[in-house]
Amino acid sequence: MERLTKFIEKNISGKKVLGLFILTNIVYTFMLTVTIPKTMGFSNGMKLLDMMPTGYSFNYVSDLFNSLGENGRLTYLTNQIPVDMIYPLLFGLSYCLLLGYFLKKLNKLNSPYNYLCLIPIIAGIADYLENIGIITMLKNYPKLKETTVYTTNIFSVIKSISTSIFFITLIVVGIKVIKQKKRANTL
């Protein structure tokens, strides 16, 4: 944990954190407005696996991949997944540093609170494992294995839970930073 804290301290200049935050959200916006809609154009209204925070079943995956057809599955594999292989790294790094930046403002970075900076990293790792599972399923379709679907689903849910916990944490820490700043201005 000491190495992570040193890494955060070394990389939490306001410009660096802001730049990474902007880049991360540009990639996310690109996925939401280009690659996901392009892929979903083949899905007959079914959500992609990446967009199902509560998970999915074997039957859902089978129905989705069938609905996507060959062109949709290829689009998922060659358009959506490549961008989503960049995003988890940006998410984990950007939000780890953003939270570290706020914790530093609260003088809490060198405390057990620094473990909170691991949450976006966990989400990013889970996202990569989810993507690997989706790639495996897309390449093996129609021969889907229940164990692959089940395992990929677990990583999808872990990604969703850790992402939700992170944003709740970020809001709470952000509110504390604002309150501290207001207190300092009134003194």
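Biologist: Why is Glu-130 called buried?

Modeller: Glu-130 has a relative accessible area of 0%, and buried means under 20%, exposed over 50% and partly exposed in between, with a 1.4 Å probe and protein chains only, so Glu-130 counts as buried. Please keep in mind that this is a predicted model, in which local features need pLDDT of at least 70 and side-chain atom pairs count only at pLDDT 80 or more, while totals for chains, interfaces and linings use all residues. Residues are numbered from 1 along each chain as its sequence is written, and side-chain values use heavy atoms, with hydrogens and water left out.

Biologist: What makes the pair of Glu-130 and Lys-159 a salt bridge?

Modeller: Their side chains meet at 2.9 Å, N to O, and a salt bridge is a side-chain nitrogen of Lys or Arg within 4 Å of a carboxyl oxygen of Asp or Glu, so the pair qualifies. Glu-130 lies in helix α5 and Lys-159 in helix α6, so this bridge ties together parts 29 residues apart in sequence. Lys-159 is buried too, at 12% relative accessibility.

Biologist: How many salt bridges does that rule give?

Modeller: The count comes to 3. One of them joins Glu-9 and Lys-104, whose side chains meet at 3.8 Å, N to O. Because Glu-9 is in helix α1 and Lys-104 in helix α4, this pair ties together parts that are 95 residues apart in sequence. Another links Glu-2 with Lys-6, where the closest N and O atoms are 3.4 Å apart; both residues lie in helix α1, 4 residues apart, which is about one turn of the helix.

Biologist: Are Glu-9 and Lys-104 buried, partly exposed or exposed?

Modeller: Glu-9 has a relative accessible area of 32% and Lys-104 has 40%, so each is called partly exposed. Glu-2 and Lys-6, by contrast, are both exposed.

Biologist: How do you know how many helices and strands the chain has?

Modeller: Helices (H or I, at least four residues) and strands (E, at least two) are DSSP runs, numbered from the N terminus. The chain has 6 helices and 0 strands, and along the sequence the pattern reads α-α-α-α-α-α. The C-alpha atoms fill a box of roughly 65 × 30 × 25 Å, taken along the principal axes, and buried residues make up 43% of the 187 residues.

Biologist: What makes the set of 45 residues a nonpolar core?

Modeller: A nonpolar core is a set of buried Ala, Val, Leu, Ile, Met, Phe, Trp, Tyr and Cys residues joined through side-chain atoms within 4.5 Å. The largest such core here has 45 residues, and those with the most contacts inside it are Ile-8, Leu-49, Val-61, Phe-65, Tyr-76 and Met-137. Helices α1 (2-10), α2, α3 (58-84), α4, α5 (118-140) and α6 (146-186) each supply at least two of its residues, and the largest share, 9 residues, comes from α4.

Biologist: Which residues does Phe-65 contact, leaving aside its neighbours within four places in sequence?

Modeller: Contact means heavy atoms within 4.5 Å, and on that basis the partners of Phe-65 are Leu-49, Arg-73, Tyr-76, Met-137, Leu-138, Tyr-141 and Leu-144.

Biologist: How do helices α2 and α4 pack?

Modeller: Helix α2 (residues 14-40) and helix α4 (residues 87-105) pack at an angle of about 145 degrees, their axes being 9 Å apart; axes are lines fitted to C-alpha atoms, for helices over the stretch in contact, and angles run from 0 to 180 degrees between N-to-C directions. Among the residues that meet are Val-17, Leu-20 and Phe-21 in α2, and Leu-90, Phe-91 and Leu-97 in α4. The residues of this contact divide into 15 nonpolar, 4 polar and no charged, where Ala, Val, Leu, Ile, Met, Phe, Trp, Tyr, Cys and Pro count as nonpolar, Asp, Glu, Lys and Arg as charged, and the others, Gly among them, as polar.

Biologist: Why is Val-83 called buried?

Modeller: Val-83, in helix α3, has a relative accessible area of 14%, so the word buried applies. Leaving aside its neighbours within four places in sequence, Val-83 is in contact with Val-27, Phe-30, Met-31 and Thr-35. The C-alpha atoms of Val-83 and Val-27 are separated by 7.5 Å, although the two are 56 residues apart along the chain.
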